[in-house]
Amino acid sequence: MKGLDDTIAALASAPGAAARGIIRISGPGTFAVLKDWFVPADAANWQAAKTPQRHSGKLLIPQARAPFESDVQWWPGRRSYTGQPLAELHMVGSPPVLSAVLAELYRRGARPAEPGEFTLRAFLAGKLDLLQAEAVLGVIDATGEQELKTALEQLAGGISQSMVLMRRDLLELLADLEAGLDFVEEHLEFVSRDEITRRLMKGRDMVTQLAQQARQRMHAGERPRVVLAGLPNAGKSTLFNHLLGQEHALVSPIPGTTRDYLTGIWHCEGLAVDLIDTAGWEFAGDEIGTAMQQFRHDQLERADLIVWCSAADRSATEREIDARYRADIEQAGRPVFQVITKSDLQIGIGATASSSISVAKNLGLTKLARAVHACLNDPAARDRSWLGSSAARCEQSLVGAAEALSHAVQLAEQPGSGEELIAGELRLALEHLGEIVGVVYTDDLLDRIFSKFCIGK
Ligand SMILES: Nc1nc2c(ncn2[C@@H]2O[C@H](COP(=O)(O)OP(=O)(O)OP(=O)(O)O)[C@@H](O)[C@H]2O)c(=O)[nH]1
Ligand SMILES: [Mg+2]
């Protein structure tokens with residue numbers, strides 16, 4: 001990271017000829033590098049300015065025969081974008097003129113700005129957090145209306161706001177816990193265990209939801225992932241083969257036929273979708289059973305939609321297990337669509353079913369495709385509140401924070417566990433959350449983020 005006290009200058013408008021060009025200068029020497037050759041019409045005001053002002057005047061470039069008209073937008077104090085003296089020269093957008101002005105600024109002591117250096121200074125001055133700094137780049141790079149909208153919302157502080165509120169709640173809780181630790185001898189209780197647990201749970205749920213949103217956002221550019229899940233023998237592989245139009249998966253009346261998972265591309269009502277067939281939902285205790293469970297878990301975690309298959313001919317016990325497992329994944333915040341399979345085997349189907357199909361009798365399959373298509377196009381199903389770059393950077397921090405908060409909740413729920421352990425987990429969670437907004441950062445991280453910017457931003 002180069003010196004923050006250097007005065008930097010760069011072209012801030014798009015390169016190439018245009019009606020107007022903008023050169024941006026920032027740093028403690030901004031006034032000095034301009035003062036002898038920018039001649040404002042209101043020289044006295046320009047010298048004495050304490051608040052942001054606009055001055056019209058002329059630039060006297062030694063090599064040029066005539067002066068150039070220029071307006072200077074001048075922020076003399078800390079109220080600028082970068083939090084330090086900053087000037088913008090608004091002038092004719094001719095590339096040779098702009099180059100001559102930049103050369104003169106560099107001759108007088110400014111140095112060329114590095115990519116993203118103005119925004120880096122804004123971040124270091126506390127004018128923007130890291131999520132907002134990334135949004136500046138998102139606005140510049142947006143290729144469509146939705147992307148631009150997301151970037152602008154993030155720049156305006158959309159997610160930053162929730163992060164700040166959540167961090168504030170957790171910091172207050174940490175302060176309460178630490179106050180209690182200081183008076184442990186006196187048996188003073190600042191907050192009750194129930195209260196601690198409740199506040200930790202609230203934080204954990206919010207972080208888990210943000211982690212899910214970030215994960216979904218990371219995969220938003222990819223094909224949507226639809227996972228077939230359900231009890232063994234529910235007809236998942238039969239449906240998988242039918243939807244792909246090929247005999248990919250092994251089908252048999254023996255429960256537990258599918259053991260790992262299979263994937264294929266399903267053209268669902270014109271939308272290309274990654275379709276995934278998983279092993280039936282049972283918790284076998286052996287080694288393969290555990291691996292199956294892990295595969296399935298990984299697939300469900302990454303699903304945009306889970307199509308939960310329940311066989312129409314399932315027994316009362318299976319019905320109960322089926323409902324329990326389905327409720328578990330729904331509670332984990334996964335989007336689930338239930339479909340009753342093998343409808344040819346039973347006339348009356350469950351009242352709660354979203355859809356019913358029979359591959360054997362080719363019934364309900366077009367309706368199923370339409371319903372899946374509608375679920376995937378539901379804006380709520382695909383989160384847009386994160387910029388892809390921020391989601392990718394923050395996902396691990398959010399997962400880390402969610403894990404630490406889950407541990408903290410578990411500890412809080414055990415009456416014998418010490419509050420210093422809970423405070424330890426909470427501190428860890430806060431550190432992870434700090435990385436997201438940039439309260440905690442490394443030079444390497446800043447280099448990675450800001451080097452993607454263009455010069456002048
Ligand atoms: N009658 C009828 N039988 C079906 C239908 N769909 C699947 N089956 C039968 O149900 C049995 C199980 O089908 P699979 O597709 O292997 O079921 P699965 O859910 O993949 O099972 P696991 O891989 O063991 O979890 C097979 O004998 C299929 O022929 C259907 O629509 N109607
Ligand atoms: Mg199968």
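Begin by selecting serine 56, which stands opposite aspartate 71 in β5. Before going further, note that this is a predicted model, in which local features need pLDDT of at least 70 and side-chain atom pairs count only at pLDDT 80 or more, while totals for chains, interfaces and linings use all residues. Residues are numbered from 1 along each chain as its sequence is written, and chains are lettered from A and ligands numbered from 1 in the order in which they are written.

**The sheet**

Now select strand β4 (residues 53–59) together with strand β5 (residues 68–75), which pair in the antiparallel sense over seven bridges. Helices (H or I, at least four residues) and strands (E, at least two) are DSSP runs numbered from the N terminus, and two strands pair if DSSP finds at least two bridges between them.

Contact here means that the C-beta atoms of two residues, placed from the backbone, lie within 7 Å.

**A covered helix**

Move on to helix α4 (residues 117–124), where seven of the eight residues are buried. A residue is buried if 20 or more other C-beta atoms lie within 10 Å of its own, exposed if 12 or fewer, and partly exposed in between, with C-beta atoms placed from the backbone. The buried residues include Phe118, Leu120 and Phe123, and what covers them includes β1, β2, α5 (130–141) and α15 (443–450). Just after α4, glycine 126 takes a positive phi of about 80°.

Colour the protein by its division into domain 1 (8–115), domain 2 (130–220 + 384–437) and domain 3 (225–377), bounds that come from an automatic or database domain assignment. The C-alpha centres of domain 1 and domain 2 lie 42 Å apart.

Then centre the view on ligand 1, which has 23 residues around it, with Gly235, Ser237, Thr258, Gly280 and Ala360 coming nearest; a residue is near a molecule if its C-beta atom, placed from the backbone, lies within 6 Å of it. Helix α9 (residues 236–244) gives the largest share of this shell, three residues.

Select glutamate 269 in the loop between β9 (262–268) and β10 (271–277), where phi is near 50°, a positive value in a residue other than glycine. Glutamate 269 counts as partly exposed because 15 other C-beta atoms lie within 10 Å.

Asparagine 362, in the loop between β13 (355–356) and α12, also has a positive phi near 50°. Is asparagine 362 buried or exposed? Asparagine 362 is exposed, because there are 11 other C-beta atoms within 10 Å.

Finish at cysteine 375, placed in helix α12 (residues 365–377). Cysteine 375 is buried because 21 other C-beta atoms lie within 10 Å. Valine 336 is 39 residues from cysteine 375 in sequence and 9.3 Å away in space, C-alpha to C-alpha.
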